[in-house]
Amino acid sequence: MCGIVGYIGKREAAPVLLDGLKRLEYRGYDSAGIAILKEGAINVAKVVGRVKQLAESDRMSTLQGTTGIAHTRWATHGKPSERNAHPHGDCTSTIFVVHNGIIENYKELKRNLEEEGHTFKSETDTEVVAHLVEKFKKEGNDFETSVKKSLKLVKGAYAILVMTTSEPATLIAARLSSPLRIGMGNDEFIVASDPSAILNYTQEILTLKDEEVAVLKDGEFTITSLNGDRVIDREVEKIDWDMEQAEKGGFAHFMLKEIFEQPETIENSLRGRVIVDEGLAKLGGFNAVKDELREIERLTIVACGTAYYAGQVGEYMIEEYAELPVETCIASEFRYRKPILTPKKDAVLVLSQSGETADTLAAVSEAREKGVLSLGIVNVTGSTIAQNTDAGIYNHAGPEIGVASTKVFVSQLTVLSLLALFFGRQRHMSLTMGKRIAEELLKIPDHVRTILTMNDSILEIAKRYVNYSDFYFLGRKYNYPIALEGALKLKEISYIHAEGGSSGELKHGPIAMIDPNFPSIFICPKDSVYEKNLSNMEEVKARQGKIIAIGTEGDDELGKIADDVILIPKTLEMLTPILSVIPLQFFAYHAAVLKGKDVDKPRNLAKSVTVE
Ligand code: M6R
């Protein structure tokens with residue numbers, strides 16, 4: 001995810017900005033840049049690569065001055081390059097901008113601005129803001145008004161810093177759905193997307209809220225809403241985190257931080273992609289191949305580990321709602337099994353957080369060799385898989401640092417729901433059903449927020465079970481892959497033996513293991529297989545097996561069978577996996593912490609598996 005730092009005060013800005021960028025490195029990035037204002041000119045330095053390279057670049061010696069902005073970029077629109085690195089300027093290079101987030105309507109804004117004579121230098125969505133500010137300033141507005149008028153036109157998410165040579169003692173900061181904090185120093189302000197870039201200078205930090213604009217000038221600040229209302233009651237917090245805590249946003253581990261980020265992750269994956277009135281999913285990345293996709297007769301989903309389980313959920317979704325046959329394969333098997341793939345009839349869809357997984361990449365090559373359309377759902381922009389597939393959708397989940405995948409898994413499920421909607425509406429799905437899915441999808445982030453409030457109660461459950469050495473995770477239909485994912489999560493970070501399976505398969509063998517020392521975690525929402533699942537739970541109970549059940553709010557039956565119950569909000573059956581997995585993430589996390597394991601870097605595992 002991109003990082004922003006800004007400085008305005010009395011000292012040289014460059015060292016503060018570079019220090020801030022270094023503190024943000026943990027978030028992941030591909031390029032970095034800095035702009036500093038002095039004597040009516042703004043000087044800029046950019047590199048593809050590390051902040052260290054930026055600090056050592058020749059251009060840095062020309063960057064002197066006490067007002068500046070800087071950025072680490074994690075590519076979303078346009079490949080990693082110096083041209084696409086922030087800060088971005090207007091036509092006259094007198095207005096510069098750094099931005100986190102996504103401007104959904106940038107193509108339309110860019111087209112209009114180009115028609116009015118503006119010349120763009122980058123492929124980014126961000127650059128439109130610099131040109132919009134230029135346009136409004138030319139129309140006679142002051143700097144602040146120009147920024148506000150620009151931001152009112154922007155749809156999407158932003159944390160943004162803007163400076164201009166025409167008001168050299170002013171820095172403007174604004175946000176919508178992307179964090180931005182202002183550090184209050186002595187006659188100076190350090191603004192950043194993340195407190196870790198500020199804490200070296202001050203612990204007094206103010207958090208901007210959505211649609212607020214802060215004007216930092218002469219050691220004073222004012223905050224107004226985009227509509228101009230003055231905000232007077234914004235409190236300044238004292239944040240006394242150490243640096244390590246700051247990088248983790250105050251959480252004990254990246255994994256926990258990433259679990260808590262999931263509502264925003266899902267919002268980012270949905271942003272600009274759901275058209276409720278038309279019951280449609282707008283997947284820009286598939287535009288070029290949408291006619292070919294309408295004609296395919298089978299989709300093969302290929303992935304590894306957690307991404308494979310997401311693919312399995314996708315299989316259920318797409319088959320049920322688009323009536324398109326889907327097969328999900330483990331990538332390391334797919335490449336050696338001589339898959340039968342027919343051009344035009346088949347398409348291969350790979351899922352990968354890193355976009356670098358060797359086995360998954362091999363599946364892309366296989367598809368291409370066979371002349372079959374290859375598609376990707378990838379988190380890391382510009383990764384090898386993203387570059388090698390014919391068309392793709394980015395997760396927009398931001399970097400995932402914990403080795404155990406959490407937020408990218410829910411993002412994969414979210415994107416697969418969109419894909420089911422996309423294929424469904426291309427084929428047989430009614431407008432009414434399309435609208436229903438679209439509406440329910442938009443409610444998911446708030447449902448996730450509700451589940452996040454259960455963290456403490458799940459910790460208590462984990463305490464009661466952590467000393468068991470074996471677990472079953474069981475579910476049916478949409479929640480069968482979630483059972484597999486729950487077991488993987490527990491074993492990969494706590495090293496407790498766990499098996500995932502289908503509840504319906506229990507009596508075909510696994511039930512032999514059940515005794516009072518072998519607990520089962522049932523995922524049993526009120527869905528089309530609820531009664532069946534309940535019967536399987538009874539079978540376990542009859543053998544004195546302990547049960548933790550994850551069900552739907554309002555369900556009074558589960559408590560009569562299960563020893564512990566976690567109830568999640570009600571949603572469409574196809575979307576329940578996005579919710580039901582979260583208690584399992586918490587359970588695995590707490591079990592691992594209680595056992596004193598290295599949650600973010602479990603033994604023997606790597607975040608990106610680039611070897612066979
Ligand atoms: O980067 P990818 O999504 O391709 O990685 C696939 C698996 O290696 C990954 O999901 C792995 O299973 C995670 N450690 C699970 O938490």
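This is a predicted model: local features need pLDDT of at least 70, side-chain atom pairs count only at pLDDT 80 or more; totals for chains, interfaces and linings use all residues.
**The ligand site**

The shell around the ligand holds 13 residues, and Ser352, Gln353, Ser354, Thr357 and Glu492 come nearest. By class, four residues of this shell are nonpolar, seven are polar and two are charged.

| Residue | Protein atom | Ligand atom | Distance |
|---|---|---|---|
| Glutamine 353 | polar backbone atom | oxygen | 2.6 Å |
| Threonine 357 | polar side-chain atom | oxygen | 2.5 Å |
| Valine 403 | backbone N or O atom | nitrogen | 3.3 Å |

On its own, the ligand has 410 Å² of accessible area, and the protein covers 89% of that. Helix H10 (305-322) and helix H17 (480-494) are the elements that give two or more residues to the shell around the ligand. H10 gives the most, with three residues.

**The sheet**

Now to the strands. An open sheet is built from five of them, in the order S24-S23-S25-S26-S27. Their pairing is parallel. Strand S24 (497-502) and strand S27 (564-568) each have a single partner strand, so one side of each is left without a neighbour in the sheet. These two strands stand at the edges. On average, neighbouring strands of this sheet are turned by 15° against each other, direction ignored.

One pair can be followed residue by residue. Strand S25 (residues 520-523) and strand S26 (residues 547-552) run parallel and are joined by four bridges. Isoleucine 521 has isoleucine 548 in S26 as its bridge partner.

Terms used:
Residues are numbered from 1 along each chain as its sequence is written. Side-chain values use heavy atoms; hydrogens and water are left out. Two strands pair if DSSP finds at least two bridges between them. Axes are lines fitted to C-alpha atoms, for helices over the stretch in contact, and angles run from 0 to 180 degrees between N-to-C directions. A residue is near a molecule or strand if one of its heavy atoms lies within 4 Å of it. A polar contact is a pair of N or O atoms within 3.5 Å; within protein, one must be able to donate a hydrogen and the other to accept it, and residues adjacent in sequence count only if both atoms are side-chain atoms. Accessible areas come from the Shrake-Rupley method with a 1.4 Å probe; for residues, only the protein chains shown count as cover. Ala, Val, Leu, Ile, Met, Phe, Trp, Tyr, Cys and Pro count as nonpolar, Asp, Glu, Lys and Arg as charged, and the others, Gly among them, as polar.
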